[in-house]
Amino acid sequence: MTITPFTYVALPSRVIFGFGTIARVAEELSALGAARALVLTTPYQTGNGEALVHRLGALAVGLFSNATMHTPVDVTEAAIRALKEVDADCVVALGGGSTTGLSKAIALRTDLPQIIIPTTYAGSEATPIIGETSGGQKHTQKTLKVLPEVIVYDVDLTLGLPAGLTATSGMNAIAHSVEALYAKDGNPIIAGMAEQSIAALARALPKIVTSPGDRDGRSDALYGAWLAGACLGSVGMSLHHKLCHTLGGTFNLPHAETHAVVLPHAVAYNADAAPTAMECIGRAVGASDAADGLYALGRSIGVPQSLRDLGMPEEGIAHAADLAVTDAYWNPRPLELEAIRDLLRNAWEGKPPQASR
């Protein structure tokens, strides 16, 4: 087989994966030359953040526990004020995508090193991508300034992740790998990682939604999420992510749930334009049709099926479509306004993805 010429750039993060690895955070701080860490969490994770501060002892100088979905700029500004008050020289983020987003936003403005400890399957910790919300719109950029220096994956921290969050967070991660398979700057290394990621998550999610304490399933899912983030961070995004960023920033829809709803519809839209990617996705989820297989997987693990159920107003469909084709990301199929409106209508109503083709 002849390998098509390609360019691949490896991202320079240090990754630690296993069980009980949170015990290694102190030594990682020391290796970075940091001695005054500000720990970041969401309000929901405040107790876990306090426990981490206690574990780190003198290496931790404070806790900011107001990380918020979609990384609002005003929350970032409050976090930076807190950081300056304690003269922190590093941030340690414990949580999901909201906490990771805040950590990245701080790094973007201060150049401080980051250690990220994911507790969901968001995958964003492995990317040099940040999306911030201001004035009702979400703006995304890609820069190595926000790539964490260290990622500590501790499977034990995911054992208590509720079934619903497990499912939506996992589908969010799958979306990263799906789009990497038809990215404009894709390559065979990323394609192999992406298919392996989708397969690991598709295998693990039904298992751990039924048995949340399944350690093998949790390990598979966290591994798949890391691969997904690495894929997304290495190549470009397309229609799916543009739609989700638009919907989340404009209507304040929940991040992972929005990805879970939109994914099969975006895949159906691109199916004819990216046949090789569709074959990979189909193999990974064990289905003859990629979009149908993803839709069936989502239904089987109980993720939301419609944007309406997430709180999107029906009258927002046309506005979202207009925004999606403005400053559009590259996509294997040209973006057609009426077709995008149909896609969003189907996703809003919760119809199977076939209707969006």
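**Cavities, pockets and cysteines in a predicted model**

A search of the whole structure finds 2 cavities of 30 Å³ or more. On a 1 Å grid over the protein atoms alone, a cavity is a set of points where a 1.4 Å probe fits but cannot get out, whereas a pocket is an open set with protein on both sides within 12 Å along at least five of seven lines; lining residues have an atom within 4 Å of a point. The model is predicted: local features need pLDDT of at least 70, side-chain atom pairs count only at pLDDT 80 or more, and totals for chains, interfaces and linings use all residues. Residues are numbered from 1 along each chain as its sequence is written, and side-chain values use heavy atoms, with hydrogens and water left out.

**Cavities**

- The largest cavity holds about 50 Å³ of space, a volume being the space filled by probe spheres set on grid points that are joined across faces, edges and corners.
- Its lining includes Ala-260, His-265, Tyr-295 and Arg-299, and α9 (255-270) and α11 (290-300) each supply at least two of the lining residues.
- Helices (H or I, at least four residues) and strands (E, at least two) are DSSP runs, numbered from the N terminus.
- The lining of the largest cavity has 7 nonpolar, 3 polar and 1 charged residues; Ala, Val, Leu, Ile, Met, Phe, Trp, Tyr, Cys and Pro count as nonpolar, Asp, Glu, Lys and Arg as charged, and the others, Gly among them, as polar.
- The second largest cavity has a volume of about 30 Å³, and among the residues that line it are His-70, Lys-138, Cys-244 and His-259.
- Two or more residues of that lining come from each of α8 (239-251) and α9.

**Pockets**

- The largest pocket contains about 1000 Å³ of space.
- Of the 48 residues that line the largest pocket, Gly-96, Gly-97, Ser-98, Thr-120 and Ala-122 lie nearest its centre.
- α4 gives the most to this lining, with 5 residues.
- By class, the lining of the largest pocket comprises 18 nonpolar, 26 polar and 4 charged residues.
- The second largest pocket, of about 490 Å³, has a lining of 15 nonpolar, 5 polar and 1 charged residues.
- In the second largest pocket, α10 gives the most to the lining, with 4 residues.

**Cysteines**

- The search finds 0 disulfides, a disulfide being a pair of cysteine sulfur atoms within 2.5 Å.
- Cys-231 is in no disulfide, and the nearest cysteine sulfur, that of Cys-280, is 11 Å away.
- Cys-231 is buried, with a relative accessible area of 0%; buried means under 20% relative accessible area, exposed over 50%, and partly exposed in between (1.4 Å probe, protein chains only).
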